Amino acid sequence: MPLKTMISKFLNKTNFFAFAFLLISVVTFAQKKQKVDGVAAVVGNYIVLDSDIDLMYLELKTQNIDTQNITRCELLGKQLEDKLYAHQAIQDSIVVTDEEVNTYMDNQMDALVEQMGSKEKLFAYYKKKDEQDFRSYFFEIIKMNKLTSQMQRKIVDDITVTPDEVKQFFNGIPKEEIPTIGAEIELSQIVIKPVVSKEDKQKVIDKLNEIRNDVINNGGSFYSKAVIYSEDPGSSSNGGYYKMNKKTQFVKEFKDVAFRLNEGEISEPFETEFGYHIIMIDKIIGQDIELRHIVITPKVSSQAMREAAEKIEAIRTKIEKGEITFEDAAKASSDDKETKTNGGLLLNPRSSEARFEISKLPPELYNQVNLLKENEMSKVFIEQERQGTKFFKILKVNKKTEEHKADFSTDYMKIKELALSDKQFKEINKWLAEKIEKNHIKISADYKDCTFENNWLKK
């Protein structure tokens, strides 16, 4: 198989893993066909039904994907892989708790209810009589998907590539198959955020103290108050609940407070980049903490917005007049902590390089910089933080690179990604081959003539 084809196949396969996981998760629930199920295959303790394949077809069509050239054999192969991953995850003692499944389902249900308008509309759309029916139907699907994804990560997590391996990989690509790198751009930014007044901050602190005192002194329900007052969209509907340990990705200030508290204790109000919080500890189980929290973000006044707009416009004017460089202005005035110290330079989180593929920029950034030339600035525009606070931004184009054939020195990080993907692909294939041989797998006679990518028929 040509190396280019193999790379393309791996990347497509990886995307399909992610896409299929998305499709059969609660984010994109689709209605199963009403038919009498036949068993298409058995993998370990899991079965694949004919209707599972019907469901995949239906879901692909709902995403406007042409299924004309996708065979049932291909979809069965995907189902077999997922079931084998999940089966082996259990053998390897990978645990997905009911609580994880329910928390994930809660979050996705909230998003779906917001889209559809009500739970009743959601249940009606998927032809479920009530919430219990809905949850029962999707519980095992979500659990299996989580087992599958964790097993996949376990297979490839420790795989790395050395510089020598990257060089050997690149040298092994035929000249006519060297990948093309899309047009790229290097950007810097200046961010000015409206200043929240001390009075507005104090209002939030006072409100959180009022809530805290009512729970401690009057027996108020922290759960109910989180539902009513918390501005965290990921947890408010679930009473502010999170489960975490010291490795969980929470901001430092939040973790510092959480791990100082005892069971049943409620923190004083404290500040993070998301606003002001209070935390109540429900349980401490070994290294894990189950907690509830309420976060409220101080509101920005219209006066503060006007002052921020005037400030950034003044900065832009000084840069245009040559009174200060963009980089020095960013160091002196930008409110973005991550880019301020390096003159506003933006780094691509995937590669840690200061280069972004233009076609893959978020639409709000693409529209601001696509027509700019090197060393030109955008106009001032407004963006919004995750918690809803608006701020002002200017972008500068430092450098633009046209589409080109990959060069080892210039495009090392992208070549490294391809080399790593190639190595992961080989490791996954090796793992599949070994586990297919060792595990009980039975394919229905209806699929005995399939040509699978893997040796599911054990010929």
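The following conversation goes through some features of a predicted model and the reasons for the terms applied to them.

Trainee: What makes cysteine 73 and cysteine 450 a disulfide?

Mentor: Their sulfur atoms lie 1.9 Å apart, and since the cut-off is a pair of cysteine sulfur atoms within 2.5 Å, the pair of cysteine 73 and cysteine 450 therefore counts as a disulfide. The structure holds one disulfide, and this pair links distant parts of the chain, with cysteine 73 in helix α3 (residues 72-91) and cysteine 450 in the segment after β13 (441-443), 377 residues apart. The angle about the S-S bond is -75°, and the link is left-handed.

Trainee: Why is cysteine 73 called partly exposed, and why is cysteine 450 called buried?

Mentor: Buried means under 20% relative accessible area and exposed means over 50%, with partly exposed in between. Cysteine 73 has 22% relative accessibility, which lies between those limits, so cysteine 73 counts as partly exposed. Cysteine 450, with a relative accessible area of 6%, is under 20% and is therefore buried.

Trainee: How do you know that aspartate 106 and arginine 135 meet in a salt bridge?

Mentor: The N to O distance between their side chains is 2.4 Å, and a salt bridge asks for a side-chain nitrogen of Lys or Arg within 4 Å of a carboxyl oxygen of Asp or Glu, so the pair of aspartate 106 and arginine 135 qualifies. Aspartate 106 lies in helix α4 and arginine 135 in helix α6 (residues 131-156), 29 residues apart, and the pair is one that links distant parts of the chain. Aspartate 106 has a relative accessible area of 13%, which is under 20%, and is therefore buried. A search of the whole structure finds 25 salt bridges.

Trainee: What makes lysine 252 and aspartate 256 a salt bridge, and where do the two residues lie?

Mentor: The closest N and O atoms of lysine 252 and aspartate 256 are 2.7 Å apart, which is within the 4 Å cut-off, so this pair is a salt bridge as well. Both residues lie in helix α10 (residues 252-258), four residues apart, about one turn of the helix.

Trainee: Why is aspartate 282 called partly exposed, and why does arginine 292 count as buried?

Mentor: Aspartate 282 is at 27% relative accessibility, between 20% and 50%, and so counts as partly exposed, while arginine 292 is at 15%, under 20%, and therefore counts as buried. Salt bridges that share partners also join Glu184, Glu353, Arg355, Asp411 and Lys414 into one network. As for aspartate 282 and arginine 292, their side chains meet in a salt bridge of 3.1 Å, N to O, with aspartate 282 in strand β7 (residues 275-285) and arginine 292 in strand β8, 10 residues apart.

Trainee: Why is serine 378 called buried, and which residues does it touch?

Mentor: Serine 378 has a relative accessible area of 2%, under the 20% limit, and is therefore buried. Serine 378 sits in the loop between α14 (363-369) and β10 (381-384), and, leaving aside residues up to four places away in sequence, serine 378 touches Arg316, Gln368, Leu372, Ile394 and Leu395.

Trainee: What makes threonine 341 exposed?

Mentor: Threonine 341 has 66% relative accessibility, which is over 50%, so threonine 341 counts as exposed. Threonine 341 lies in the loop between α13 (337-340) and β9 (356-357).

Trainee: Which residues line the second largest cavity, and how are they divided by type?

Mentor: The lining consists of Thr103, Asp106, Asn107, Gly234, Ser235, Asn238, Tyr241 and Tyr242, and these divide into two nonpolar, five polar and one charged. About 30 Å³ of space lies in this cavity, and α4 gives the most to its lining, with three residues.

Trainee: How much space lies in the second largest pocket, and which element supplies the largest share of its lining?

Mentor: About 1000 Å³ of space lies in the second largest pocket, and of the 29 residues that line this pocket, the closest to its centre are Tyr242, Lys243, Thr248, Gln249 and Phe250. The largest share of the lining, five residues, comes from α4.

Definitions and conventions: Residues numbered from 1 in each chain as written. Predicted model: local features only at pLDDT ≥ 70, side-chain atom pairs only at ≥ 80, totals over all residues. Heavy atoms only, no water. 1 Å grid on protein atoms, 1.4 Å probe; cavity = no way out; pocket = protein on both sides within 12 Å on 5 of 7 lines; lining within 4 Å. Points joined across faces, edges and corners; volume = space filled by probe spheres on them. Buried < 20%, exposed > 50% of the residue type's maximum accessible area, 1.4 Å probe, protein only. Contact = heavy atoms within 4.5 Å. Nonpolar A, V, L, I, M, F, W, Y, C, P; charged D, E, K, R; others polar.
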